[in-house]
Amino acid sequence: MLTYVIRRLLIIVPTVLVILVLAFILQSLAPGDQIAERLEIEGQNSHGAQKSYLTSYRALQKAYGLDGPQFFFSIRPSYFPDTLYRIYPKQKQDQLRSLLRQTKDWKKVSEFEDVMQNNIASLESKKGLKGKVGIELAKLSQDGSLSDVKARAEKIKNMISDSTHLFGATSLLLEHIDGMKTSNAFSYPVFSWHGINNQFYNWITRVFSASNKSLIDGAPVLSKISKALKWTISMSLVTIVLIAILSMLLAFTKVYFINSLFDRISSAILYILLAVPTFWLASLLVVFFTTPEYGVWTDWFPSIGLKPSFVERSFSSELLDNIGQLVLPIICMTVLSMSYLTIQLRSDILETFSKPYMMMAKAKGLTEREVLKRHAIPNALIPYATILTGA
């Protein structure tokens with residue numbers, strides 16, 4: 001027994017590790033740039049002064065351990081440099097990676113980036129032209145398609161033909177772009193070891209750190225989690241209680257009146273509810289019960305989030321003040337799980353009722369309802385309790 005318990009506990013370690021790796025990969029693949037969003041909140045954006053923006057971006061990268069390679073090792077195409085992760089911001093790195101996949105020529109791509117930065121510096125020195133050309137130049141630094149890059153550069157060249165200085169710089173950029181060709185050259189995978197100085201390792205240490213702060217707004221992560229967790233736990237507890245009460249009452253009633261009209265109609269309704277996607281039901285509840293669009297009588301619940309609290313107060317008072325906001329989510333979670341558990345409990349009771357020991361109970365003189373009450377239902381509730389905990 002002890003060996004079995006130890007073996008099961010040891011399985012937890014690789015399981016948690018796999019979950020953490022998958023969570024990190026999904027986070028890395030998610031669109032957007034968290035650092036750029038943070039700087040946007042602070043009033044900085046990539047369309048402003050480039051030098052100041054990049055300095056702030058780099059500082060946040062280092063502060064949150066996002067300036068290294070993504071994992072302990074990497075397998076990259078042979079035409080990729082081993083230092084591509086050092087390029088920032090993320091949008092620029094994504095653009096160069098896309099151009100590299102098309103050209104397979106790092107020299108040409110890096111020359112394009114150097115000339116591109118010179119154009120941006122020239123543009124910033126000519127403030128009168130910034131509003132006219134700045135947007136197009138910003139888009140040029142984001143285009144990942146080689147054809148889009150060429151078309152955008154040509155457009156910028158036509159826009160600044162009256163400026164000799166910028167015209168010359170952009171002409172040089174066009175020359176480099178013309179030299180970038182789509183390539184089908186052969187490449188092979190290259191393995192690189194990066195050690196512990198990587199984003200995954202830094203992310204893991206932040207996950208288990210009590211002083212970890214959000215990258216978006218700089219607030220302590222534990223306070224943000226605890227604030228959201230109290231509402232999640234509250235709704236989950238209420239939902240489980242409602243699911244248990246409603247599913248047991250409905251399942252017991254269906255068994256007592258088995259094969260009746262009520263049993264057949266309720267089964268059809270439960271199977272329909274079981275097939276309804278959660279997001280679709282939630283959307284319908286919001287559309288029909290939070291707005292007066294379909295009649296004043298349908299505007300029952302608030303359509304916004306939790307009410308803001310400007311003073312320190314107990315959670316119970318907050319809960320009472322936000323009852324209206326919680327009703328629809330609880331209904332949505334309850335209906336679907338209740339349908340499944342009612343069908344499952346009815347099936348388990350009837351299956352238990354057909355066991356040989358039930359025949360023995362009937363032979364002793366117990367009525368069907370007494371057998372159902374004393375033996376079938378208690379035995380069927382054992383697997384039901386297991387399923388309920390995962391509802």
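Among contacts in the protein chain between residues at least 6 apart in sequence, what percentage join residues at least 24 apart? The figure is 66%, where contact means heavy atoms within 4.5 Å. Hello everyone, and let me walk you through this one.

A word on the ground rules. This is a predicted model, in which local features need pLDDT of at least 70 and side-chain atom pairs count only at pLDDT 80 or more, while totals for chains, interfaces and linings use all residues. Residues are numbered from 1 along each chain as its sequence is written, and side-chain values use heavy atoms, with hydrogens and water left out.

Now the overall picture. The protein chain has 16 helices and two strands; these are DSSP runs numbered from the N terminus, with helices being H or I of at least four residues and strands E of at least two. Of its 391 residues, 32% count as buried. Buried means under 20% relative accessible area, exposed means over 50%, and partly exposed is in between, using a 1.4 Å probe and protein chains only. The accessible surface comes to about 23600 Å², and 65% of that belongs to carbon and sulfur atoms. Those areas come from the Shrake-Rupley method with a 1.4 Å probe, and for residues only the protein chains shown count as cover.

Let's turn to the aromatic rings. Rings of Phe, Tyr and Trp (its six-membered ring) pair if their centres lie within 6.5 Å; planes under 30 degrees apart count as stacked, over 60 as edge-to-face, and the rest as tilted. By this rule there are 13 aromatic pairs. One of them is Phe72 with Phe200, an edge-to-face pair at 6.1 Å centre to centre and 75 degrees between the planes. Phe72 sits in the loop between helix 3 (50-63) and strand 1 (73-77), and Phe200 is in helix 9 (residues 199-207), so this pair ties together parts that are 128 residues apart in sequence. Phe72 is partly exposed at 21% relative accessibility, whereas Phe200 is buried at 4%.

A second example is Phe289 with Trp300: the centres are 5.2 Å apart and the planes are at 45 degrees, so this pair is tilted. Phe289 is in helix 12 (residues 278-289) and Trp300 in the loop between helix 12 and helix 13 (315-321), eleven residues apart. Phe289 is partly exposed at 24%, and Trp300 is exposed at 52%.

Ring pairs link Phe24, Phe71, Phe72, Phe73, Phe191, Trp193, Phe200 and Trp203 into a cluster. The buried residues of helix 9 are Gln199, Phe200, Asn202, Trp203, Ile204 and Arg206, and they pack against helix 1 (2-29). What caps the N-terminal end of helix 9? That is Asn198, with a side-chain oxygen 3.1 Å from the backbone nitrogen of Phe200.

Next, the charged side chains. The structure holds six salt bridges, each being a side-chain nitrogen of Lys or Arg within 4 Å of a carboxyl oxygen of Asp or Glu. Asp263 takes part in one with Lys254 (2.6 Å, N to O), and both of those residues are buried. Asp263 also meets Arg346 in a salt bridge (2.9 Å, N to O). That pair links helix 11 (residues 261-275), which holds Asp263, to helix 14, which holds Arg346, 83 residues apart. Asp263 has 2% relative accessibility, and Arg346 is buried too, at 18%.

Asp94 is partly exposed at 35%, and so is Arg97 at 25%. Together with Lys90, they are linked in a network of salt bridges.

Let me finish with helix 14 (residues 323-353), where Ser339 is found. Is Ser339 buried or exposed? Ser339 is buried, with a relative accessible area of 0%. Not counting residues up to four places away in sequence, Ser339 touches Leu270, Leu273 and Leu274. Leu350 is also in helix 14, and is partly exposed at 27%. With neighbours up to four places away set aside, Leu350 touches Val255 and Ile258. Leu350 and Ala376 are 26 residues apart in sequence, yet 7.7 Å apart in space, C-alpha to C-alpha.

Note on methods. A polar contact is a pair of N or O atoms within 3.5 Å; within protein, one must be able to donate a hydrogen and the other to accept it, and residues adjacent in sequence count only if both atoms are side-chain atoms.
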